Amino acid sequence: MSPCTISSHYPVAIVGGGVAGLTLALGLEAQGIIHYVLIEAHDSLAPDEGASIGLLPNGLRIFDQLGLIDEIEKHTSPLQRWRHLDGEGELISETNALGYYPSQIGYGGLFLERRKLLQIMTNKLKNHGAIITSTRVSSLEETTENVALKLSGGSYITADIVIGADGVRSRVREEIDRSQPGPSVHSDDYINVRFACVYGISPPIDGISEGECFSVYRPEAAILIFTGQAGIIFWFVFEDLGQTYELSKSPRYTKADIDSVCQSVAHLRISSTVCFGDVYTRRSVAMKVSLEEGVAPTWHSHRMVIVGDAAHKSTPNAAMGANQAIESATVLLNELQGVWNKPEEEILSSNIFHDAFGRYAERRKPRTGMIVQRAGITCRAQLGHDGPVAAVRQELPSLTDDDWLFRGFMGFSDSPVLAGVPLSPRGEFFHQAVEQFQERFRARQNGQLKVSNSGLFGNQTQA
Ligand SMILES: Cc1cc2nc3c(=O)[nH]c(=O)nc-3n(C[C@H](O)[C@H](O)[C@H](O)COP(=O)(O)OP(=O)(O)OC[C@H]3O[C@@H](n4cnc5c(N)ncnc54)[C@H](O)[C@@H]3O)c2cc1C
């Protein structure tokens with residue numbers, strides 16, 4: 001590609017305006033780096049695609065730093081009780097651990113429409129002039145000086161660095177793969193599809209209350225339900241495809257496919273008065289997608305780097321995909337902040353970005369790899385797979401609220417915050433709660449403290 005007319009040059013080009021891209025844009029603005037461009041293929045940064053999103057304390061603390069938390073909380077309410085059911089509607093186990101999150105760690109677990117979240121994020125942007133919508137990055141060419149991006153419509157821009165927040169079918173990742181020495185690597189080698197999911201939204205219904213969540217464990221098709229404000233229902237029906245597809249060959253679905261799987265679970269009882277069919281019949285929207293899984297082996301070149309689903313794609317069962325996208329964007333921003341603070345002559349060298357990207361990837365790969373794996377295990381357990389994953393289903397009856405809370409704390413312990421942006425009192429509370437937990441956990445490991453899981457945090461869960 002040889003650029004004919006370069007319309008503009010930017011220090012940072014963000015490709016993709018989903019949760020990862022918008023976190024990056026807001027984070028750059030919070031760090032005082034206003035001169036970026038964000039390019040999004042959709043005609044809006046908050047497209048109406050009918051999806052929902054679950055936010056957990058690790059993502060919410062960063063959103064609190066970005067000034068988003070009050071607006072988000074206006075549009076949802078914390079999850080409280082999670083009931084795990086078998087295919088006959090019989091209760092396997094029930095936990096109120098999520099309900100303790102606000103008092104134990106400062107933030108709850110929340111569900112809301114994805115479009116609403118993206119709108120809240122977009123409204124917070126200061127530099128609306130930096131946003132280019134209805135434009136796709138069609139190709140990229142990296143040189144030692146910069147990266148040239150060809151945009152749909154034929155124009156070119158250049159950037160010192162390109163951040164690919166462009167989702168699981170990332171164009172930026174493809175270019176990074178291509179730039180690697182040695183045998184060629186393709187996303188089909190590391191991202192695959194074994195499951196599909198119908199997701200939808202239905203209005204509140206008597207028999208399912210605000211704050212409730214449900215998992216139905218069943219080999220033929222499994223169900224996950226979360227509730228949002230006033231009891232609005234965000235639901236998922238998971239299906240095992242019976243074989244594994246490479247990313248480029250993942251199946252596509254029609255309306256008939258949605259109906260077929262949802263009718264097959266319509267009879268399943270969710271509560272004493274509600275069957276899944278009652279929820280499905282009242283749906284405002286339903287979509288069916290393949291569920292990709294995988295972690296890219298290479299996350300960066302000298303001037304290009306990937307975040308979010310472009311780098312690490314998990315099934316939705318751990319409700320962590322977006323939260324991990326927020327975390328990755330944060331760690332990358334923290335590494336880049338170190339670069340912006342250097343003298344300009346040093347920043348001109350592409351090695352400085354390469355090294356910062358390397359540190360970011362090194363820090364994030366182990367955690368995201370583990371979360372992709374854990375989400376996959378939960379998905380397989382819900383769909384009745386055998387082997388080690390079956391233990392997840394088998395141990396459910398023995399788990400107490402404290403056990404669930406312990407797992408939550410373990411998961412939040414390594415979560416990052418934006419460097420140089422103050423924490424609110426709730427953010428500080430999260431920090432202290434996790435520090436105290438880690439201290440007591442280490443003391444227990446060393447034999448210096450003899451406590452059960454409840455003694456590792458505030459010990460108020462059995463109230
Ligand atoms: C059914 C389902 C349920 C889920 N539920 C949850 C949940 O409860 N909690 C949770 O944390 N996560 C959940 N996830 C995962 C979560 O939605 C993703 O992990 C998250 O949205 C990833 O954000 P992202 O910004 O990395 O990618 P995306 O959301 O995919 O955004 C990428 C953006 O880049 C744009 N783009 C792509 N290519 C180009 C290009 N060449 N040029 C310009 N723009 C481009 C796209 O239009 C898109 O807007 C769920 C996922 C699915 C499928």
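**Loops, sheet and helix packing in the predicted chain**

Ala-230 lies in the loop that links strand E13 (222–227) to strand E14 (233–246); helices (H or I, at least four residues) and strands (E, at least two) are DSSP runs, numbered from the N terminus. The model is a predicted one, in which local features need pLDDT of at least 70 and side-chain atom pairs count only at pLDDT 80 or more, whereas totals for chains, interfaces and linings use all residues. Residue numbers start from 1 along each chain as its sequence is written.

Ala-230 is not a glycine, yet its phi is positive, near 60°. Because 10 other C-beta atoms lie within 10 Å, Ala-230 is classed as exposed (the cut-offs are 20 or more other C-beta atoms within 10 Å for buried, 12 or fewer for exposed, and partly exposed in between, with C-beta atoms placed from the backbone). A positive phi, of about 55°, is also found at Ser-134, likewise not a glycine. Ser-134 belongs to the loop between strand E7 (131–132) and strand E8 (137–142). Ser-134 counts as exposed because it has 12 C-beta neighbours inside 10 Å.

The chain contains 14 helices and 17 strands. Eight of the strands form an open sheet with mixed pairing, in the order E5-E4-E12-E13-E14-E11-E15-E17; strands are taken to pair if DSSP finds at least two bridges between them. At the edges stand strand E5 (91–95) and strand E17 (312–313), each of which pairs on one side only.

On the E5 side of the sheet, E4 and E5 run antiparallel and are joined by 4 bridges. Their hairpin has 4 residues between the strands, and Gly-89 in this hairpin has a positive phi near 85°. Strand E4 (residues 81–86) is also joined to strand E12 (residues 212–217), in this case by 6 bridges and in parallel. His-84 can be followed across both pairings: Ser-93 stands opposite it in E5, and Ser-215 is its bridge partner in E12. Gly-294 has Lys-313 of E17 as its bridge partner.

Helix H1 (residues 19–30) packs against helix H9 (residues 321–340), their axes coming within 9 Å and crossing at roughly 35° (axes are lines fitted to C-alpha atoms, for helices over the stretch in contact, and angles run from 0 to 180 degrees between N-to-C directions). From H1, the contact involves Val-19, Ala-20, Thr-23, Leu-24, Gly-27 and Leu-28. H9 contributes Ala-322, Ala-325, Ile-326, Ser-328, Ala-329, Thr-330 and Leu-333; two residues are in contact if their C-beta atoms, placed from the backbone, lie within 7 Å. The contact of H1 with H9 comprises 9 nonpolar residues, 4 polar residues and no charged ones (Ala, Val, Leu, Ile, Met, Phe, Trp, Tyr, Cys and Pro count as nonpolar, Asp, Glu, Lys and Arg as charged, and the others, Gly among them, as polar).

For the chain as a whole, the C-alpha atoms fill a box of roughly 65 × 60 × 45 Å along the principal axes. Of the 463 residues, 45% are buried. Among contacts with a separation of 6 or more, 75% are between residues 24 or more positions apart.
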